[in-house]
Amino acid sequence: MAEPHDLTALEQAAAMTRGELSSVDLVEHSLRRVAALGDTVGAFVTVTPDLARQAARAADAVPIEERGPLHGVPTAIKDLTLTAGVRTTFGSAAFFDFVPPVDADVVRFIKAAGLVSLGKTTTSELGCSLYSEGRVAPPARNPWQLAYTAGGSSGGAAAAVAAGLVPVAQGSDGGGSLRIPASLCGLVGYKPSRGLVSGGPIGSGAFGLPTSGPLGRTVTDVAALLDVMAVPVPGEPYLPPPAPSGGYLAVARRAEPGPLRIGRFTTPMLADEPVHPDCVAAVDRAAALLTAAGHEVVEVPPPLGPAAWPLFEILWYVLALAPVPPQREPELLPLTRLLRARGAELSAGTLSATLGELQAQVRLGARRTAGCDLLLCPTLATPQAPVGWFTADADPAADFDRQRRFSPYCAIFNVTGDPSVSLPLGTTTDGLPVGVLLTGRYGDDARLIATAAQLENSSDGWDRHPAIWRAADSANVNGDGVGRSAA
């Protein structure tokens, strides 16, 4: 018999429409799972049960004919995202007790669509790293194997979805922060085109690198949440691409991208790093499925190479210079302090020159792959990493370089602004998830989503679950992190 968390987000909403479940039922079920497993997988920094119950009652009171596709469904908001009246720490002890007075635009849209947030999910400090291991919450752990990281900076969001605490979650991606956790945890992580999702109401646009996006188990769930998030807002620094007729959910359900030319490569872009065979095998599988679906898959050079890294890291140093109360600077983690120190040394002239050179490289890369509708490559160079692996030698510079070598693909598409999605098409030899990265042309999110949905259908689906999925409480988890009951 299916439990409520076995249902996808769209299935949960459909069950509410049929009168089989209510939002209150789903929220109570999810809160019980959060109480049992939330700390085990390090999913949440702050849980808001009273607010969630209040929102669920309000959702149930809305007439069925006025409800959207995800109305009443439980979700969660990343702890980097402003949420009015709810503690938002940005993953940092320096903001341990900060409560924003306003919602981010995406939070407003999520509330307006009737989704019910259970709280704030674990993230890396100020979003600076690709793992979520800070001082304000337990580390975000991979529900497939608790010894491994769930990634970052949207690690808690991925842990929550992969463990069945919520079916979909909001995250953000400035250098792979949605796609990396998705690859590690066997999920769909979608980075929209630059400007598609508002970054407001606060901030300058951060060179166009970061954007909010959806994380879920299926392409249709992710497309439905993207429809919720992708609302044009006046005054945003980047013009949003036009939405497809009927929205992204309709595109995902049709799954008809038409015949495409897809450029495949496995050479890392930000590091001269060997790629694990399991990551290459996942790309090979994706290429075979795409070819069988009628697409032309051709080998291409990567759009950018390791020469882009010194430019990208300068932008990353500057992005780490978020306002922090001076008296609380000592509470920052060593990596954050290192990035901020390097950022403080940069001149305006250096930053301006870096932006110019990086854009020149983007132009060359776009010309190099101009004949392709989509690009296919690994999400990561290595399938998984243990919790604590990046900080093992206590040297923040080595930590930062290790992250670059672990994830030498994702960040390039933050630089270009292209839409990019990690899809759970592979597994390691011991059954852990491996993602592949599919990237579209800027503004062509619809074709990317349609192709992702086609891949999901042709692969017979990928909504698999770790053993912890069936665990009633944390006592049902072995010391090695593998649940006793079968998935």
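Visitor: Hi! Let's start with Ala 394: buried or exposed?
Guide: Ala 394 counts as exposed, at 69% relative accessibility. For the cut-offs, buried is under 20% relative accessible area, exposed is over 50%, and partly exposed is in between, with a 1.4 Å probe and protein chains only.

Visitor: Before we go on, what kind of model is this?
Guide: It is a predicted model, where local features need pLDDT of at least 70 and side-chain atom pairs count only at pLDDT 80 or more, while totals for chains, interfaces and linings use all residues. Residues are numbered from 1 along each chain as its sequence is written, and side-chain values use heavy atoms, with hydrogens and water left out.

Visitor: Thanks. Where does Ala 394 lie?
Guide: Ala 394 lies in the loop between strand 11 (374–378) and helix 13 (396–406). Helices (H or I, at least four residues) and strands (E, at least two) are DSSP runs, numbered from the N terminus. The phi of Ala 394 is near 60 degrees, a positive value in a residue other than glycine. Most residues other than glycine have a negative phi, and most peptide bonds are trans.

Visitor: And Leu 126, what is its phi?
Guide: Leu 126 has a positive phi near 55 degrees, and it is a residue other than glycine. Its place is the loop between strand 3 (116–121) and strand 4 (141–142). Leu 126 is buried, with a relative accessible area of 16%.

Visitor: You mentioned peptide bonds. Which residues does a cis peptide bond join?
Guide: Ser 153 is in the loop between strand 5 (145–149) and helix 5 (155–162). Another joins Gly 200 and Pro 201, where omega is about 10 degrees. You'll find Pro 201 in the loop between strand 7 (188–191) and strand 8.

Visitor: Switching to cysteines: how many disulfides are there?
Guide: The count is zero, where a disulfide is a pair of cysteine sulfur atoms within 2.5 Å. For Cys 185, the nearest cysteine sulfur is that of Cys 410, 14 Å away. For Cys 410, the nearest is that of Cys 377, at 7.4 Å.

Visitor: Is Cys 185 buried or exposed, and what about Cys 410?
Guide: Cys 185 counts as buried, at 1% relative accessibility. Cys 410 counts as buried too, at 0%.

Visitor: On to helix packing. At what angle do helix 7 and helix 8 pack?
Guide: Helix 7 (residues 219–229) and helix 8 (residues 247–254) pack at about 160 degrees, with axes 7 Å apart. That makes helix 7 roughly antiparallel to helix 8. Axes here are lines fitted to C-alpha atoms, for helices over the stretch in contact, and angles run from 0 to 180 degrees between N-to-C directions. Angles under 35 degrees count as roughly parallel, over 145 as roughly antiparallel, 65 to 115 as roughly perpendicular and the rest as oblique.

Visitor: Which residues make the contact?
Guide: Among them are Val 219, Ala 223 and Leu 226 of helix 7, and Tyr 248, Leu 249 and Arg 253 of helix 8. Contact means heavy atoms within 4.5 Å. By class, the contact of helix 7 with helix 8 has seven nonpolar, two polar and two charged residues. In this scheme Ala, Val, Leu, Ile, Met, Phe, Trp, Tyr, Cys and Pro are nonpolar, Asp, Glu, Lys and Arg are charged, and the others, Gly among them, are polar.

Visitor: What about helix 10 and helix 11, how do they cross?
Guide: The axes of helix 10 (residues 309–319) and helix 11 (residues 334–344) come within 7 Å and cross at roughly 105 degrees. The two helices are therefore roughly perpendicular to each other. Trp 316, Tyr 317 and Val 318 of helix 10 meet Leu 339, Arg 342 and Gly 343 of helix 11.

Visitor: Which residues of helix 4 are buried?
Guide: In helix 4 (residues 105–112), the buried ones include Asp 105, Val 106, Val 107, Phe 109 and Ile 110. Their cover includes strand 2 (74–78), strand 6 (168–173), strand 8 (211–216) and helix 7. Gly 114 follows helix 4 and has a positive phi, near 90 degrees.

Visitor: Last one: where is Val 434?
Guide: Val 434 lies in strand 13 (residues 433–440) and is buried, with a relative accessible area of 1%. The C-alpha atoms of Val 434 and Ala 282 are separated by 6.8 Å, though the residues are 152 apart along the chain.
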